[in-house]
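Me: I have a chain to go through. Let us take it in short questions and answers.
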Amino acid sequence: MIADCTALIFAGGASRRMGRDKLSLQFGGQSLLQRMLDLTRALFPDILVSVQRLRDNIEAKQVCDEIPEAGPLAGLCAGLQHVTTPWVFAVAADMPYLQPEIIERLATHRAEYQAVVPVIGGYPYPLTAFYAVSALPALRGVLARPGKPGLIATLPELNVCYVDEHDLTGLDRELNSFIDLDTPEDAGKALQYFGN
């Protein structure tokens, strides 16, 4: 149990490329969202679900974006505002292969940092990452800028520990933990994997 941290599950995307609400897709007898709820419940004492608007049938507290249609950065700011722990683990709900060992390894890198972000194939994954509540003022500063800044744009404003994929391959050799489901093709591959 990572006792000083709240899981913040991002479930507010529009699923445009999937063509339907992807979080209700069934894998191994569970929806994508329920799989992530179960995974994080085993690791964290508290869970929040980040949404643009409240969703039905979620057995966890929901928090709406501070600024509608402003993307994951707005969801992260809202989540950090509502937690009682000093850290959040921000994670997209559409990652059915995420291994708990990956989360636990990332958690070990938090000392003296405001964020811990894995880097896979040279690309940072800000929605499989830890953020300290102390990062909230800087994140809000970026959110207030014109346009719709993404989470990656906020990272230079924080004291970040970037965790290279080589530190994680011993736990997940193919790094499948970082696969998310965006398209019907992605979903079809996942269904084969889970045997549905």
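Me: What percentage of the 196 residues in the protein chain is buried?
Reply: This is a predicted model, where local features need pLDDT of at least 70, side-chain atom pairs count only at pLDDT 80 or more, and totals for chains, interfaces and linings use all residues. Residues are numbered from 1 along each chain as its sequence is written, and side-chain values use heavy atoms, with hydrogens and water left out. Buried means under 20% relative accessible area, exposed over 50%, partly exposed in between (1.4 Å probe, protein chains only). By that cut-off, the buried share is 52%.

Me: How many aromatic pairs are there?
Reply: Rings of Phe, Tyr and Trp (its six-membered ring) pair if their centres lie within 6.5 Å; planes under 30 degrees apart count as stacked, over 60 as edge-to-face and the rest as tilted. By this rule the count is five.

Me: Which strands hold Phe 89 and Phe 130?
Reply: These two rings pair at 4.8 Å centre to centre, tilted with 45 degrees between the planes. Both residues are buried. Strands are DSSP runs of E (at least two residues), helices runs of H or I (at least four), numbered from the N terminus. The pair spans 41 residues, with Phe 89 in strand E6 and Phe 130 in strand E9.

Me: Which residue has its charged end over the ring of Phe 130?
Reply: A charge sits over a ring if NZ of Lys or CZ of Arg is within 6 Å of the ring centre and within 35 degrees of the ring normal. Here the distance to the centre of the Phe 130 ring is 5.4 Å, and the residue is Arg 110.

Me: Which residue forms a salt bridge with Arg 110?
Reply: A salt bridge is a side-chain nitrogen of Lys or Arg within 4 Å of a carboxyl oxygen of Asp or Glu. The N to O distance is 3.0 Å, and the partner is Asp 4.

Me: How many residues apart in sequence are Asp 167 and Arg 105?
Reply: The two form a salt bridge, with the closest N and O atoms 3.3 Å apart. Asp 167 lies in the loop between E10 and H6 and Arg 105 in helix H3, so the pair ties together parts whose separation in residues is 62.
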